[in-house]
Amino acid sequence: MDLHGADVSRKEVLRRFASALDQVASVRAVATDVDDRLAKTRRELNAHARTLHQPRPETGRSIYDLYAEEKAAAIRCASQHTRFRGAALTRLSPTALDEIERLLRRAGAMAPLFLHTDPSPWTNANLPDPNEVLEVLDAARRLRAQHLPAVRDLLREAAATEIHPPSTLSQARQATTALSQVVEVGREYDVRRIAAGQTAAELADLLRALAPLASGLLMFLLAWLFSSRFRKALALLREYRRAKAPRGQLFLEARRLEQALTAWRGVSGGQPPDAFDATPLASALQAAWPDVDRISGVLKTDVASSSFGELEEMLDRLLADSDTARAVPAVREIEYRLAALGADAVVHELRERKVAPSDWPSLFRHAWLVSCLEAVEANDPTLRRFAGRDHDGVVTEFQRSDLESVAVARERIRRAHAERVIETMNKHPEEQQLVKRECAKRSRHLAVRTLLNRAPNVLTTLCPCWMASPLSVAQLMDTSRRYFDVVVFDEASQILPEDAVPAILRGEHVVVAGDQHQLPPTTFFAGSTDDADDEESATAGFESLLNQMCGIFAPWPLEWHYRSLDERLIAFSNRHIYSSSLVTFPGVGGPPSVSHVLVPWRAVDGEEDSSSAEVEAVVGRVLEHAAARPGETLGVITMGIKHRDRIQHALDQALGGRRDLEAFFDERRPERFFVKNLEQVQGDERDAIILSVGYGKDRSGRLPYRFGPLLTEGGYRRLNVAITRARRRMLLVSAFTHHDMEESRSTNEGVRLLRGYLEFAGSDGAVLDGATGTETALNAFEMDIKDALERVGLSLVPQVGVSRYRIDFGVLHPRQPGRYVLALECDGASYHSAATARDRDRLRQQQLESLGWRFHRIWSTDWRLRRGEEIQRAVASYEEAVRLSDESEASQPAPIRAAERIEEISEERRDRRSARPRGPRPQVVTGLKIEQYRADDLRAIVQWILSDGLLRTDDDLLAAALEELGFRRRGKRIDEALREAIRASRRLHA
């Protein structure tokens, strides 16, 4: 019930009540499956958002983060084939990852050693301990300076024995051993004679023939008696012996003899020496051998098998490259730690492919990221099954179901309201009859205050929402009751606390809405009171109801801004007044939505408060708008009353002969044209606003700081109201620029903001706080999308917008500079930041489309799995958007169509929802006396009447039952019987 305005008569109020009664009678029950469909699609969308953005316990990262990190790592490094699976992947905790990357960076500083490509002889050395390095270096020094020269000198002396000159330490050791053995045996046997007379085969045969010597006395006697071969061999051995020896040791001596001569023949082609002291050579070799073994073990090579020349060269290189030796333990420690952490597969790939050291951490990180993604994709069925086109279908179904749910909610509210009205009228039959009687009258209606006092329950239930000023509330409603559950104050910054009290007393709860940065209520006509009274007043010190409530309760801000069809219109206030708290949406570009006209300064006296040149410029712009854009509404705001009056007078004169513009300036037109000063425009909004400063320079060219209401306390709020009235375009007209305003001349907030807004408008809304562009950096995933699409010819602008909400990419028209044709969004942080699926998957897209954007979504999972297809899809969407943009004659954004779309759905539902037909009439005859009807028959008739779904009061239902049963007159018994049937039916349906 709207009680605003002085023209609302009693008759009009009763007509509205009557219309409400008619609507109640026509409301039907709501039947729909939209709740199930909406819940199902919402679950799917929320599940996808959680799957993509919820951190995984095994990695501490979300799938989307892994996508972005994997792409960043792939950009920084070459492709790799290492993968971690199962337990190996599980071992790679965040701490292990950081440690491995740190180790790889350390290893990169010693890359040749780590890759085993360093030419140093120490490259493959097994030196895990720095102390062992010192020991090995000492061993190399001893071997090179002492042992090797001594051995070679002694070998030269041993050359007289006709041994083959050894070329390695192993050969020297073998020769020394053979020489020592043959000299030792030569003390007992004539080895030279044996060597000359016995071949190796004969010696071996001799040894086999003497085998009975080692088998005991019995075998010896048997061999002596029956084996001539044995006897000959024994005789020959005794012949070679220099002196007699016990029989028991001959076999052992024969074996040593055979071994010594075999060894000798392996190292010499001459006769064994009669005598030679090999002890010094053996001692030298024995002294050298621990160092040889130490070096061989460390270098993992047989040093003793190297030629003396190679060995000397090796030792010289080892000793000359001691710095590398000292670095080896650090490399081995890194290798050990990497293996222990499970990164040995990456190390193997680094060595196999010889990857640049700078890429090592990225290669490992990329291997880990790909392994994580593959593991998640393998184990998560939703990711395995994800297909962007199917998900687009879910989004579309959710959008449709969500809009339909809003339409259905309206129907349910109407139904619930109608049921409550019926219940209230049944509960208060006297009020029902009074209201129906007053609604049926054609004249002489009761006063609204009287009617409301006599039928408060039915009237407030019939019209549960009332709109009235605080003064109207005080006049129409007495203080005997609380009429409303909730009292809402809009534009509360304009309401004095004391004026709000009567309305507050009429409700159980209060909601106060307003903007502290807009104009306070005027107190120009208020009487003054003394200080004592102010101290006793509960409202003392509070300029408005909003101001008082903010001092009691914490405010709850509403953040989304809808009025401006281009966010540049609100950007200045959002930044400087609302601390960037508003969520705004960028327009599609094109001509600037905020601009500045600088009129020429004229040295004329008396124009400091109203520039004539500015008046002329404003009138010219108004006439131009009226002729070129008659379909767009317009308003002119001035900073001073004098300037307002001059513009109005000049405009009236200019319109004297312009009959062609009469329709535009018709005062009966909705949102008609106006010229107002700052104090008058709160609550107004128009498609286009011209803000005329009016103030100018004096005759000397100096700008006086006489800015009228801006200089008052809170004057900045007047400027804030003025610059936020436009929906499409804002034109600032002034005779000076921000360069003419010295920052140091005034600390007044209103003056400071005026200077800033002059700069902002002068840049066509591009410069905000002296900066342009976006501060939000792209992640690697978004960079990959940008690079890929720009390579196929699209021109992308990332992070389009100036508030917290940014479009991921705006795609520019190929031939219209600054004009966007496509909003290209991903499902990254901006997508996930929305609190609900409705915000995320309907409202933001709906708002952008209402501003003229065409919308294209790239799902990150699709981009990762089907990158080529997604590029083709994006190109196709872009080409279609360009085609539609070129075909459209109106480039201006369309108004918000959400309400219209909901209404369309409501109309579709109404078309499908015809009146519910009643079933077969119960077989109850008419024309009987009331006593002849059973109670069940009466209940059956009542229920049949109710089966059409329409709502009826008990009186309406009684009248319908009387008519259906054929009663022409009503009596007490008839009423009682039928009312009992009605009560029973109501209980049955309760």
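About 30 Å³ of space lies in the second largest cavity of this predicted model, a cavity being a set of points, on a 1 Å grid over the protein atoms alone, where a 1.4 Å probe fits but cannot get out, with the volume taken as the space filled by probe spheres set on points joined across faces, edges and corners. Its lining, meaning residues with an atom within 4 Å of a point, consists of Leu203, Leu206, Leu207, Leu237, Ala254, Leu257 and Glu258, and the elements that give two or more residues to it are helix H10 (200-209) and helix H13 (247-267); helices are DSSP runs (H or I, at least four residues) numbered from the N terminus.

The model is predicted, so that local features need pLDDT of at least 70 and side-chain atom pairs count only at pLDDT 80 or more, while totals for chains, interfaces and linings use all residues. Residues are numbered from 1 along each chain as its sequence is written, and side-chain values use heavy atoms, with hydrogens and water left out.

The structure holds two cavities of 30 Å³ or more. In the largest, the lining residues include Trp601, Arg602, Glu607 and Lys697. For the classes below, Ala, Val, Leu, Ile, Met, Phe, Trp, Tyr, Cys and Pro count as nonpolar, Asp, Glu, Lys and Arg as charged, and the others, Gly among them, as polar.

| Cavity | Volume | Lining residues by class |
|---|---|---|
| Largest | about 70 Å³ | five nonpolar, two polar, three charged |

Definitions and conventions:
1 Å grid on protein atoms, 1.4 Å probe; cavity = no way out; pocket = protein on both sides within 12 Å on 5 of 7 lines; lining within 4 Å.
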